[in-house]
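Hi,

Here is the structure I promised to pass on. Have a look at it first, and my notes on what turned up follow below.

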Amino acid sequence: MYPLLQVGTFNEIVDPAGSGQTDEDSYKALTALGILSAIQSLVKATFNETDIMAQMEGTLTDMIALVLQNGVLDFYEEMFALLDLFTTVSVSPRMWQMLQVIFEAFGRDAFDNFTDMVSVLYNFVKVDVETFLSDTKHVEIIMSMCKTVMSGDPGEDSQIHACKLLEVMVLQCQGRIDSYIPSIAEIALERLTRECKTPNLRTMCIQVVISILYYNPTMMLTLLEKTHVASSPEPITTQFFTQWLKDADLYGGVHDRKMSVLAFCSLLQCPLRMDAVCKLAPQIVPVMIGQLMELIDAYKAVAQDEEDDEEDIDDEEEEDEELDSEEDGVDEEGKEYLKALAKKASNALGASESSDEGSESSEGDGLTLLEIDYETVVDDEDLIDEFFTFKNTLELLSASGDPNWYSLLTSALSLEHLESIKTLFVTAEQRKAARDSRKIEEQGGYQFVVTQVPNNFVFSS
């Protein structure tokens with residue numbers, strides 16, 4: 001616990017009014033960074049010790065508040081990293097108070113640190129959604145920060161993270177923040193009408209809209225019809241769907257492709273059929289087929305990555321056993337910290353490689369950095385399966401009382417498309433069987449009826 005004793009020293013060293021220009025200031029900054037490094041090491045090493053983490057949170061909160069409230073920019077990144085650790089599993093009342101501190105710092109001088117703080121903001125939305133929704137001020141803080149980032153010029157990386165945060169909020173709070181949905185859609189659509197230097201930002205803006213379309217297609221279609229580009233009297237509906245279909249090949253990883261397919265399924269079943277959607281209808285099912293076929297490969301890549309990670313963990317455990325047998329001088333706390341660092345580095349490297357491969361083309365498989373860092377309820381395969389949803393959607397439309405709509409949707413399907421649909425239907429059934437098997441296993445396995453065996457058998461009449 002020695003690093004925690006240094007909190008007081010850190011608070012004394014940090015001078016909010018310091019210029020950072022003199023040799024003494026530079027020495028103080030290096031000393032403070034050394035203290036923070038030691039503190040972070042301890043927090044990471046004891047991450048699974050709930051009681052210790054709670055004690056450290058209480059001790060470190062004042063230090064974090066001191067830095068953020070006094071605008072000590074040199075240590076913002078480290079403060080947000082600590083806040084991320086303290087809110088990853090649960091969010092205490094003390095941490096909820098820090099949300100206001102973060103918001104004030106953002107409005108004052110932390111605008112350029114949005115990517116550093118966004119993981120903490122995500123935790124507030126994802127980890128404790130009930131408390132998040134219990135106070136409208138929480139929602140308004142996230143909305144305000146994302147709107148500021150999207151309307152300003154912080155760089156497209158920050159805007160991509162703002163889009164992701166909005167998407168997470170929509171998916172985690174489905175049906176519970178409907179009064180904010182028009183504003184969320186407006187933030188994404190407004191940025192979409194301006195130039196995007198990279199396709200990543202454009203597809204993320206689209207992701208925000210299709211997340212709304214997924215759970216409430218009627219609401220989103222109505223909003224699209226009310227939205228106009230400044231230079232045109234026409235609604236943005238046709239432009240949006242055209243761009244979505246055009247960018248389908250740019251989607252990478254699992255989450256974005258899955259969301260695209262699920263949103264298309266909701267759109268196809270929606271009774272409100274805009275002219276813009278009808279005109280583009282023959283293109284939709286072929287695009288869904290392409291994304292689902294890519295998802296088959298993506299899931300295989302994820303499974304391979306997980307297998308490789310398990311092998312790495314086994315190798316690390318063997319190395320630990322060798323160290324123990326040799327009575328190495330590394331203590332238990334140090335080994336736990338090294339394990340945490342190794343795991344974090346492995347995840348980052350794998351995600352980075354996947355992201356590098358998938359950012360420029362549709363060839364990249366596996367998980368992207370964003371979906372590793374920001375999970376949603378939609379990413380749970382046991383709750384929502386895109387293959388089965390696709391199968392059910394086509395079967396429902398085929399049996400519906402609107403043969404013209406089904407005929408329009410399938411009018412551009414080739415023989416190759418039809419073969420792919422067969423493959424996807426088989427995949428849907430296989431995935432359903434795997435889910436059912438997992439549920440049975442979680443419940444303790446198959447339950448066999450035990451019948452009483454008689455003690456005496458009579459073999460003669």
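Arg431 lies over the face of Tyr299, at 4.4 Å from the ring centre. Bear in mind that this is a predicted model; I come back to the confidence at the end.

Which side chain does Arg435 meet in a salt bridge at 3.2 Å? That would be Asp385, with the distance taken from N to O. Asp385 is in the loop between α18 (369-373) and α19 (386-399), while Arg435 is in helix α21 (residues 415-442), so the bridge ties together parts that are 50 residues apart in sequence. Are the two partners buried or exposed? Asp385 counts as buried, at 5% relative accessibility, and Arg435 counts as buried at 10%.

The search of the whole structure came up with 18 salt bridges.

- Glu395 and Lys391 pair at 2.9 Å, N to O. Both are in helix α19, four residues apart, which is about one turn of the helix. Lys391 is buried, with a relative accessible area of 10%, whereas Glu395 counts as partly exposed at 37%.
- Glu419 and Lys422 pair at 3.5 Å, N to O. Helix α21 holds both, three residues apart, again about one turn. Here Glu419 is partly exposed, with a relative accessible area of 46%, and Lys422 is exposed at 52%.

Now for the rings. How many aromatic pairs does a search of the whole structure find? Twelve. Among them is Tyr122 with Tyr374, an edge-to-face pair at 5.1 Å centre to centre, with 80 degrees between the planes. This one links distant parts of the chain: Tyr122 is in helix α7 (residues 114-126) and Tyr374 in the loop between α18 and α19, 252 residues apart. Both tyrosines, Tyr122 and Tyr374, are buried. Elsewhere, ring pairs join Phe240, Phe241, Trp244 and Phe264 into a cluster.

Finally, the confidence. Mean pLDDT for the chain is 86, and 81% of the residues reach 70 or more. Where does pLDDT fall below 50? One stretch is residues 336-364, which has 33 contacts in the model beyond near neighbours in sequence. Another is residues 457-461, where pLDDT stays under 50 and the model has zero contacts beyond four places in sequence.

Cheers

Technical notes: Residues numbered from 1 in each chain as written. Heavy atoms only, no water. Salt bridge = Lys/Arg side-chain N within 4 Å of Asp/Glu carboxyl O. Helix = DSSP H or I, 4+ residues; strand = E, 2+ residues; numbered from the N terminus. Buried < 20%, exposed > 50% of the residue type's maximum accessible area, 1.4 Å probe, protein only. pLDDT = per-residue confidence, 0-100. Contact = heavy atoms within 4.5 Å. Phe/Tyr/Trp six-rings, centres within 6.5 Å; stacked < 30°, edge-to-face > 60°. Lys NZ or Arg CZ within 6 Å of the ring centre and 35° of its normal.
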